[in-house]
Amino acid sequence: MERWRAEGDVEVIQLVSGFVVQLDDRVLTYRRTKRLPESRLHGEYSALFGGHLNPEDIPLWNIFESGYASFLDRELNEELRLPPNTYDIRLRGMLYDDARPVSRQHLAIVFDVALRDPNYTVGERGFLQQDKFETWREVGDRLGDFENWSRLLYGIYSSEGKAHSQF
């Protein structure tokens with residue numbers, strides 16, 4: 001289904017990638033601007049990078065197998081430009097929340113991205129701003145500024161210290 005049609009049909013759940021990017025005990029956060037196509041998220045902060053997946057991105061039956069590295073690198077690099085060989089990607093799980101109309105229409109495949117180097121560039125500078133590394137405690141101190149998926153992630157990651165288990 002074409003994305004514009006899917007966005008207009010509340011019965012359709014769209015598949016998205018989601019990356020929680022961490023450097024040691026800090027998570028990379030950002031604020032969504034008004035230039036972002038999804039108006040329901042304007043001005044909200046997030047601890048999850050990612051975007052819509054297209055049918056041609058990867059056959060769904062391969063997402064959870066070891067052969068998805070190039071697909072993930074491409075998806076991640078749409079959001080962030082990272083130096084080569086400075087990060088590890090690991091499947092974390094699925095994230096769905098029906099608390100808001102925008103999240104009700106999306107299912108995220110979430111991956112942990114462990115950085116070994118703090119250098120990055122935001123790939124969609126016009127859509128994502130005020131990016132910075134924060135501890136999960138700092139995120140918790142202003143949790144009301146974050147969209148609901150990040151609030152759910154906060155509950156999981158802050159209770160672990162650093163992410164290692166599946167959810």
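Author: The largest nonpolar core has 21 residues, and those with the most contacts inside it are Phe-19, Val-21, Phe-49, Leu-76, Leu-80 and Leu-115. A nonpolar core here is a set of buried Ala, Val, Leu, Ile, Met, Phe, Trp, Tyr and Cys residues joined through side-chain atoms within 4.5 Å; buried means under 20% relative accessible area, with a 1.4 Å probe and protein chains only. At least two residues of this core come from each of strand E1 (14-23), strand E2 (26-32), helix H2 (69-79), strand E5 (87-95), strand E6 (106-115) and strand E8 (128-135). E6 gives the most, four residues. Helices (H or I, at least four residues) and strands (E, at least two) are DSSP runs, numbered from the N terminus.

The model is predicted: local features need pLDDT of at least 70, side-chain atom pairs count only at pLDDT 80 or more, and totals for chains, interfaces and linings use all residues. Residues are numbered from 1 along each chain as its sequence is written, and side-chain values use heavy atoms, with hydrogens and water left out.

Leaving aside residues up to four places away in sequence, Phe-19 touches Ala-47, Leu-48, Phe-49, Gly-50, Leu-72, Glu-75, Leu-76, Phe-111 and Val-113, where contact means heavy atoms within 4.5 Å. A second, separate core has 15 residues, including Val-20, Leu-48, Val-110 and Phe-146.

As for the setting, the protein chain comes to five helices and eight strands, in the order α-β-β-β-α-β-β-α-β-β-β-α-α along the sequence. Of its 167 residues, 44% are buried.

Methods
Buried < 20%, exposed > 50% of the residue type's maximum accessible area, 1.4 Å probe, protein only.
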